[in-house]
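Thanks for making the time this morning.

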Amino acid sequence: MDSIRYRKASNFVRDISWRQVRRTGLTLLLILLLALFLLFVTVPIASLFLRITPEAFFRSLAEPVVLDALALSLLTAAISTVIVILFGTPLSYINARREYRGKELVDTLTDLPIVLPPAVAGIALLMAFGRRGVVGEYLDAFGIQIAFTTFAVILAQVFVASPFYIRQARASFEAVDRIYEDAARTLGASRLRVLLRVTVPIAWAGLVSGAILTFARALGEFGATIMFAGNYQGRTQTMPLAIYTTMQGNIYDAISLAILLVIISFAVILAVKFVTRRKT
Amino acid sequence: MLSVDAGKQLRDFSLELSLTIRERETLVLIGENGAGKSTVLNLISGILSPDRGEITLAGRTLFSDRLGIDMPTEERKIGHLFQSYALFPHLSVFENIAFGLRCRKIPKAEIAERVAGQLAALHLADLADVNVGRLSGGQRQRVALARSLVLQPDLLLLDEPLAAVDVRAQGGMRRELRNRIRQAGIPCIIVTHNLKDALELGDRVCLLEAGKVVLEGTPDEVLQSRENAFIASFACECQHDAGNSY
């Protein structure tokens, strides 16, 4: 009797210890996977900083190719973001609030650039607005050329980055309870005033984070730009294009540009977190 | 005076309404959930449009299918209090109350004066700059009422005005609400589930069932109609409540 009880107790102890071992093993495995993934992301980014001295970094910042690219990138990404906001805000508001025939189609089309490879976007824009393009042909008759200009850079950025704002803006507008809009109207606000003074302010955090993400995507745009706008320093050579070009000559210029983009990307993530946290 | 003779096809039934409310009269609408009570308020304030009929308020035609009139909500001069109060979450107490005045392009000094008057009357002066998210149920109700009354509307529509107020505070809030409505001196429609609201606030009570008024009279008259199942349960609740409170 005693021995049976003893055996049972020892089984119990064995079960417990096995369970503990399995649980600890699983935890260790998860930590290992997480650590490996974090290293995979951080080692390349850290390598950028490790492969260049501060002197070389600041020397590169004075290079015209770097300065031109930085200025062009900030300018075009800012203009693209403004264009996306101007067109995207009414569009996303209408899609959030109204039912109409073809709404699904409009939604799908506005989302399309997210899944479309940038190279496809580039050649599509070229086929539309190039000199021999479907639209470009007529513009060319008036002496208007779009492809391989700064404007083409902006068009490419708007094309690929617009869904980031439009999706976010639509979700933010949908999240605004209609009762606020109804209440505002009973208080005497016109539809436009309701939109500007009630709906947009309540949706503000979502709109701003959408705009920041759009700016970031526009800043990083490469494929569509190089195909549709070309790679001319000071005119169409944005930072990603300049990285691609300079790494074949002076690698330090490329690394410096990359570091600038990393810093901007970090700032973007922090800005989005700050804006969305303030909302809650 | 408000006069409504309107119909609208809703999902489950057709709402047919014919009622008149005199100056300074308060009508209480009672009925089961889904009987169309809030829809009545939305039709009058213009958030929804009737399919047919006519609505007039203080000599103005708000809606008439015959004349082809459907006045926009923002021009109707109706104070509409929603059940959740719908205070603008991004604005302070002051800015919530000033909202309608700003829409009317009233000079800043006058806005400050009129809002301050409302805040003082409601004992909310200390909370002027507070965001409305930090207010209690009773304070929210006061702000919502002030936001409507500061515009001196021709009609007041209140949807469950005390539902979000703490039960212990409801008695005091109800008396305060009655005084505010009397001071405003305008017709008023109150939608409620609460019998005490009906008894203390209403000059007249209408029972709405599936979009139609099936009983109408003074609160006492309506309460006598015990053959109606809703009124019977409603009155029960009153006796129960009365037993608790005295």
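This is a predicted model: local features need pLDDT of at least 70, side-chain atom pairs count only at pLDDT 80 or more; totals for chains, interfaces and linings use all residues.

Residues are numbered from 1 along each chain as its sequence is written, chains are lettered from A and ligands numbered from 1 in the order in which they are written, and side-chain values use heavy atoms, with hydrogens and water left out.

Let me start with the rings. Searching the whole structure gives five aromatic pairs over all chains, where rings of Phe, Tyr and Trp (its six-membered ring) pair if their centres lie within 6.5 Å, and planes under 30 degrees apart count as stacked, over 60 as edge-to-face and the rest as tilted. One of them joins Tyr93(A) and Phe173(A), whose centres are 5.3 Å apart and whose planes stand at 85°, so this pair is edge-to-face. Because Tyr93(A) sits in helix α3 (residues 64-97) of chain A and Phe173(A) in helix α7 (residues 150-174) of chain A, the pair ties together parts that are 80 residues apart in sequence; helices here are DSSP runs (H or I, at least four residues), as are strands (E, at least two), numbered from the N terminus. Both Tyr93(A) and Phe173(A) are buried, meaning under 20% relative accessible area, with exposed being over 50% and partly exposed in between (1.4 Å probe, protein chains only).

Phe222(A) and Tyr244(A) form an aromatic pair that is also edge-to-face, at 5.5 Å centre to centre and 70° between the planes. Here Phe222(A) is partly exposed, at a relative accessible area of 29%, and Tyr244(A) is partly exposed at 41%.

Now to two buried residues of chain A. Thr236(A), in the loop between α10 and α11 of chain A, has 0% relative accessibility and therefore counts as buried. Its side chain reaches the backbone nitrogen of Asn231(A) at 3.4 Å. Beyond its neighbours within four places in sequence, Thr236(A) is in contact (heavy atoms within 4.5 Å) with residues including Leu72(A), Phe148(A), Val153(A) and Leu241(A).

Gly136(A), placed in helix α6 (residues 136-141) of chain A, is buried as well, with a relative accessible area of 4%. Gly136(A) and Ile146(A), 10 residues apart in sequence, are 7.4 Å apart in space, C-alpha to C-alpha.

That brings me to the interface. How many residues of chain B are in contact with chain A? There are 23 on chain B, in contact with 17 residues of chain A. The area buried between chain B and chain A is about 1700 Å², of which carbon and sulfur atoms give 67%; buried area is the accessible area (1.4 Å probe) that two parts lose on being put together, summed over both. On the chain B side, Glu74(B), His90(B) and Phe99(B) lose the most area to chain A, together 31% of what that side buries.

Between the two chains the count is one salt bridge, that is, a side-chain nitrogen of Lys or Arg within 4 Å of a carboxyl oxygen of Asp or Glu. The side chains of Arg185(A) and Glu74(B) meet in a salt bridge at 2.4 Å, N to O.

Technical notes. A polar contact is a pair of N or O atoms within 3.5 Å; within protein, one must be able to donate a hydrogen and the other to accept it, and residues adjacent in sequence count only if both atoms are side-chain atoms.
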